[in-house]
Amino acid sequence: MPLLRASRPKVLVPEKLSPDGLALLRSSLDVHERKGLSADELLQIIPDYDALLVRSETKVTATVLRAAKNLKVVARAGVGVDNVDVEEATKLGIVVVNSPSGNIGAAAEHTIALMMSMARKIPESCASLKDGKWERSKFVGVEVKGKTLSIIGLGKVARLAKGLGMNVNALDPYASPAVAASASVALVSALPELLASADFLTIHTPLIASTRGMIAEAELAQLKPGARVLNVARGGTFDEDALLAALQSGHLSGAAIDVFTSEPPAPDSSAARLIAHPRAVVTPHLGASTVEAQENVSVDVCEQVLEILQGSLPRSAVNAPLILPEEYKKLQPFVHLVEKLGSLYTQHYAASPGGAMGRNAFDLIYQGELASINNTKPLFAALIKGLFSPISSMEGLNINIVNAELVARERGIFVSEQHSRDPSDHSSYSSLVTLVARPPSRASSRAPASDDKSTGPVPDQHQRIISGTCSGDRPLITRLGRFEASFEPEGTLLICENYDSPGKIGVVGNILGQEGVNINFMAVAPVSPKLAINESLKESLPTDGSSQEHTAKSQSLNEALMILGIDRGVPAHVTAALAKESGILSACAVTL
Ligand SMILES: NC(=O)C1=CN([C@@H]2O[C@H](COP(=O)(O)OP(=O)(O)OC[C@H]3O[C@@H](n4cnc5c(N)ncnc54)[C@H](O)[C@@H]3O)[C@@H](O)[C@H]2O)C=CC1
Ligand SMILES: O=C(O)C(=O)COP(=O)(O)O
């Protein structure tokens, strides 16, 4: 069935990943294993892919990400994401996931293996023996029992080292003292103290601003003469020139290195000279290279890729909030609803003064069962997506939970989420969501000053309020401005405000008929009898005083809203013609 296959999401795997994880993907995705791609080749083919699975070799640069028009997720089958431009991915709404614990046991064991190899001179004695020599007196080592291992970045190595009878000190500003105590690790608060005590120094932090070049000439000088160092974390945490110099001077007895600033190291680089040094024990980034670790990380990230491509949230995204699966399941229908509220808002109120969106500060009020869910980030993201999706200048930007906050901040949109737990608030609905656009004067008092893009006071005749609920999984609009509605926000809708008197449907039907537009359904929304707003909501609603006054007037004039489901969009001249008809106050077409 080639047609079906062509529409399946595509996953690019440019590095060696364990088949256990990839097998999970193959039943629903097209998995392309393309090892050895050059940077240019990656750039050429990436626009075709929905997901990219990498280890540490592939450089997922901003250029690659910008070219990746269909990419939803970059999955790092391992811990370190320093080869991925996470900031750019966030801007583009691309989720970055990793496997934070799948390979750390392997990396810790590798650290111990390197430490023991260095202490007992295993690599050089092995090479000598294979060379036909028998040099027993040349390869006298040291024991680790009773020695001090100083760790930067507390992790799994500590317990293994304790098992070898070592004293363990650690520097980790974020480590829990209770965890350290339970592993019998002494936490120290300053690097000089840690360095001074070390017989062996090992680093296990990510490569970030605070750890780049953390161990340079000055720090190495603070180690005891004869100390040994290890790096199974990231190249760049040690200054390679300084490390080489400390080995060459004899200040250090040994260095065991698995990771380098550039991999593979360029010939003639400091890293290459370090590798060649007789007292350096080196491996080519093998910390995670065990069968078990590779199975773990592959399965971990492939499961997350599936979840993301199916519209769920991953469990270990580097650039998205963690949401429990059961909470996300409850939220999902409302994600759809809130996106519709935002889109309806922008399209319905677009003609108002104040720019395309009209207002820049909103209240998003959750009532009923929904109010008990604390992590509503997906709803916030859905609102931002909905508000911006109808605006053409934002086309192509995939707004989602990854970049919604950034997009809102950059565009001066302020949203206050409120959880109203008053059971009387949501009347007959189990959950209700209300979007309220604040009048500009009030908005500017709450929105951050530097972000405020409001265009000054806007004469406002109507409350800009839209409420909705979900009937099963189907979204339903229950209130639009002053009108109590009940319609599904789906497809193209013509929304006409009119005096509720005979003949209006005929007028609209005639004009649409002349344009060849079919009407699929019609709903009438009367002015809400409950315009007296619940106490708990009053605080959030516009206080320009116009609403109550206007309501009384509307009721006497018997206004209503006519919502027509139509089979195509209508040009502006048609809505303008409709609005000129007697008894029709406004007409607007929206596509939801
Ligand atoms: N060689 C290899 O194949 C492997 C390398 N790694 C690398 O090892 C490193 C550590 O990995 P994990 O232990 O999984 O990371 P982790 O994030 O679980 O632990 C890092 C620890 O470093 C601490 N830390 C952060 N900044 C610090 C600072 N300025 N000073 C002191 N401590 C600081 C954190 O509080 C945390 O406890 C990462 O760079 C990772 O990429 C991980 C797995 C395999
Ligand atoms: O997980 C990590 O951070 C690692 O460094 C492992 O890298 P790798 O997947 O073996 O290229």
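Which residues surround ligand 2? In this predicted model, the residues around ligand 2 are Arg-55, Ser-56, Ala-77, Gly-78, Val-79, Gly-80, Asn-103, His-285, Gly-287, Ala-288 and Ser-289. Sorted by class, this shell holds 7 polar, 3 nonpolar and 1 charged residues.

## The chain and its domains

The chain has 592 residues, of which 42% count as buried. Its secondary structure consists of 22 helices and 22 strands. Four domains are assigned: domain 1 (10-98), domain 2 (103-282), domain 3 (325-439 + 462-481) and domain 4 (490-536 + 555-591). Between the C-alpha centres of domain 2 and domain 4 there is a distance of 74 Å.

## The nonpolar core

In soluble globular proteins, nonpolar side chains tend to be buried together. In this chain the largest nonpolar core has 152 residues. Within this core, Leu-53, Val-74, Ile-94, Val-305 and Ile-384 have the most contacts. Helix α6 (residues 104-120) supplies the largest share of the core, namely 9 residues.

Leaving aside residues up to four places away in sequence, Val-305 touches Val-11, Leu-25, Ala-51, Leu-53, Val-73 and Ala-75. One of these partners, Leu-53, is itself listed among the core residues with the most contacts.

Ile-308 is found in helix α14. Is Ile-308 buried or exposed? It counts as buried because it has 23 C-beta neighbours inside 10 Å, and the cut-off for a buried residue is 20 or more. With residues up to four places away in sequence set aside, Ile-308 touches Lys-72, Val-73, Val-95 and Pro-314. Ile-308 and Val-95 are 213 residues apart in sequence, yet their C-alpha atoms are 8.3 Å apart in space.

## Helix α6

Helix α6 has 17 residues and reaches 24 Å from its first C-alpha to its last, which is close to the 24 Å expected at 1.5 Å a residue. Its buried residues are Ile-104, Ala-106, Ala-107, Ala-108, His-110, Thr-111, Ile-112, Leu-114, Met-115, Met-118 and Ala-119. An α-helix has 3.6 residues a turn, so residues three or four places apart point the same way. The elements that cover the buried residues of α6 include α8 (157-163), β9 (200-203), β10 (227-231), β11 (252-257), β12 (280-282) and α14 (291-309).

## Loops and backbone features

Most residues other than glycine have a negative phi, and most peptide bonds are trans.

| Residue | Phi |
|---|---|
| Lys-121 | about 55° |
| Asp-268 | about 75° |

Lys-121 follows α6 and is found in the loop between α6 and α7 (122-130). Lys-121 counts as partly exposed because it has 18 C-beta neighbours inside 10 Å. Asp-268 lies in the loop between β11 and α13. Asp-268 is exposed, since 8 other C-beta atoms lie within 10 Å.

The loop between β11 and α13 (270-276) also contains Pro-264. A cis peptide bond, with omega about -10°, joins Glu-263 to Pro-264.

Ser-137 is located in the loop between α7 and β6 (148-152). With 5 C-beta neighbours inside 10 Å, Ser-137 counts as exposed. Ser-137 and Thr-283 are 146 residues apart along the chain, and their C-alpha atoms are separated by 26 Å.

Notes. Residues are numbered from 1 along each chain as its sequence is written. Chains are lettered from A and ligands numbered from 1 in the order in which they are written. This is a predicted model: local features need pLDDT of at least 70, side-chain atom pairs count only at pLDDT 80 or more; totals for chains, interfaces and linings use all residues. A residue is near a molecule or strand if its C-beta atom, placed from the backbone, lies within 6 Å of it. Ala, Val, Leu, Ile, Met, Phe, Trp, Tyr, Cys and Pro count as nonpolar, Asp, Glu, Lys and Arg as charged, and the others, Gly among them, as polar. A nonpolar core is a set of buried Ala, Val, Leu, Ile, Met, Phe, Trp, Tyr and Cys residues joined through C-beta atoms within 7 Å. A residue is buried if 20 or more other C-beta atoms lie within 10 Å of its own, exposed if 12 or fewer, and partly exposed in between; C-beta atoms are placed from the backbone. Helices (H or I, at least four residues) and strands (E, at least two) are DSSP runs, numbered from the N terminus. Two residues are in contact if their C-beta atoms, placed from the backbone, lie within 7 Å. The expected span of a helix is 1.5 Å times one less than its number of residues. Domain bounds come from an automatic or database domain assignment.
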